[in-house]
Amino acid sequence: MAKKHSQSKKNKKKQQKKEQINQINRTQNAIHTAKKEQEQNTVSETTISLNIEEKAENLNVSADTIQKNTAKTFDIKTFLAHHRHGTAIAATLVVTASVGVFATASYLHAQSQLQASKHRLEEMEKANQVLSNQAAKLEDENAKYSQSLEEIQKKTIQLENKMTKLENTKQNLADELNSMKEADTAEADTYLSILNESPAEELAFTNVVTTSYNKTDSLANHLNKLDVQLDETGISFGNVAEDVTVTLAAQSNIPQGFPVNGIVTTEFNPDGDPSVSDGRVHKGMDISTRHQVVPISATAAGTVITSEYHSGYGNYVCIDHGNGYVTLYAHNSENLVSVGDSVKKGDTIAMAGSTGMSTGIHCHYEIHMNGISVNPRDFM
């Protein structure tokens, strides 16, 4: 009976030892699991060791003791003496692992936010760089735009001056051509038609204009085109003016028109044709002023070669026109020019009268071509 009781006691102790060993194994598994979770959550080994040492110090248990107690499973008494401490350490390790996992999650979350902020900052810097480039481009365009405006203003002033000059030239030419037309010259109509021609192409701004800078560029191009056209017009006017000058020079010293306003009373009759006027020999034309003393004008430009009194002509004036033509104006009441004077067509050279062999106030007008009397009617 005593032997059975002793055997039962041994079995009970053996069972308790077995349970203690199982408890140690569970503790070791918990420690191993905690370490494995810490490794999976990318918690550094150094941080975990420091946390374990700090907790172990708070519990007055060193890391060496923990490792020895973990390794030595033979000393049951020693293990039982420290069983409560082992349990506490296991719990501490579990808590530490949980804290590590939370800290790791917080760190990863903060790291993710930091990366997102860094990415946003980079995007903002890129956007800012784009805006800076656009601002620099706008400043450059504004500078070019301002410079273009200044050039356009200068160009506009130059074109206005050119247009004014050309308009004045055109007006002067028109006046001269009109005087030529009054003299029934064929060239006058031709030159007037040239001056009155419209431009072959009208200047028009294109509708495809998108920006202020493009507008100024388009305006500058059209102003340059207008400048070229004005230059071409100026050359054309210059050619016309040169032709008119030459024509006028040739025409101005050719007698043209009447020297006075009046009525022809005696026609040109160098041969004494009885069917002409009074039938007497008459180498000129008598123009009655109806008893009025009126100015006598030169019918062409030239130089005065005679200004004197003659018994037959009375006061008379002769003008040499330098091209073989000489005109004579007689019976004047007064001569107003002297020998050597240069006169232009239309200048007043004398006053009509009835001096010399005359029966009334009139102008006796003769034209000589290379010394031969010609009919003034051919020059009217």
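**Entry 1: a loop glycine**

I began with glycine 279, which lies in the loop between strand 1 (263–266) and strand 2 (285–288). I note here that the model is a predicted one. Is glycine 279 buried or exposed? Its relative accessible area is 17%, so glycine 279 is buried, the limit being under 20%. I then looked up what glycine 279 touches, leaving aside residues up to four places away in sequence, and found Asn269, Gly272, Asp273 and Pro274. I also looked up threonine 266, which is 13 residues from glycine 279 in sequence and 9.5 Å from it in space, C-alpha to C-alpha.

**Entry 2**

Strand 4 (residues 302–310) and strand 5 run antiparallel and are joined by seven bridges. A hairpin of three residues connects strand 4 to strand 5. At one position I found histidine 310 opposite glycine 314, which is in strand 5.

How many bridges pair strand 5 with strand 6? There are five, again in the antiparallel sense. One of the positions I checked was isoleucine 319, whose bridge partner in strand 6 is threonine 327. The hairpin of strand 5 and strand 6 has four residues between the strands, and in it glycine 322 takes a positive phi near 80°.

I also checked how covered strand 5 (residues 314–320) is: six of its seven residues are buried.

**Entry 2: histidine 331**

I stayed with strand 6 (residues 325–332) and picked histidine 331, which is found there. Histidine 331 counts as buried because its relative accessibility is 6%, under the 20% limit. Which residues does histidine 331 touch, not counting those up to four places away in sequence? The list includes Gly312, Tyr313 and Asn315. It also includes a run from Ala352 through Gly353, Ser354, Thr355, Gly356 and Met357 to Ser358. His362 and His364 are on the list of contacts of histidine 331 too.

I then looked at an open sheet of three strands, with the order 3-9-7 and antiparallel pairing. Strand 3 is joined to strand 9 (residues 348–351) by three bridges, and the two run antiparallel. Proline 295 has methionine 351 in strand 9 as its bridge partner.

**Entry 3: aromatic pairs**

I counted three aromatic pairs. One of them is tyrosine 313 with tyrosine 316, which is tilted, with 5.4 Å centre to centre and 45° between the planes. Tyrosine 313 counts as partly exposed at 26% relative accessibility, whereas tyrosine 316 counts as buried at 9%.

Another pair is tyrosine 325 with phenylalanine 379, which is edge-to-face at 5.6 Å centre to centre and 80° between the planes. This pair links distant parts of the chain, 54 residues apart: tyrosine 325 is in strand 6, and phenylalanine 379 is in the segment after strand 11 (372–374). Tyrosine 325 is buried, with a relative accessible area of 15%. Phenylalanine 379 is buried as well, at 14%.

In general, nonpolar side chains of soluble globular proteins tend to be buried together. The largest nonpolar core here has 20 residues, and those touching the most other members are Ile296, Ile319, Tyr329, Val343 and Ile349. Strands 2, 5, 6, 9 and 10 (362–369) each supply at least two residues of this core. Which strand gives the most? Strand 10 does, with three residues.

I listed the contacts of isoleucine 319, not counting residues up to four places away in sequence, and they include Ala298, Gly302, Thr303, Val304 and Ile305. Tyr325, Val326, Thr327, Tyr329, Val343 and Ile349 also touch isoleucine 319. There is a second, separate core of five residues, including Ile152, Leu159, Leu166 and Leu223.

**Entry 4: cysteines**

Last, I looked for disulfides and the count was zero. Cysteine 318 counts as buried at 8% relative accessibility, and cysteine 363 is buried with a relative accessible area of 0%.

Note on methods
Residues numbered from 1 in each chain as written. Predicted model: local features only at pLDDT ≥ 70, side-chain atom pairs only at ≥ 80, totals over all residues. Heavy atoms only, no water. Buried < 20%, exposed > 50% of the residue type's maximum accessible area, 1.4 Å probe, protein only. Contact = heavy atoms within 4.5 Å. Pairing = 2+ DSSP bridges. Phe/Tyr/Trp six-rings, centres within 6.5 Å; stacked < 30°, edge-to-face > 60°. Core = buried A, V, L, I, M, F, W, Y, C linked by side-chain atoms within 4.5 Å. Disulfide = S-S within 2.5 Å.
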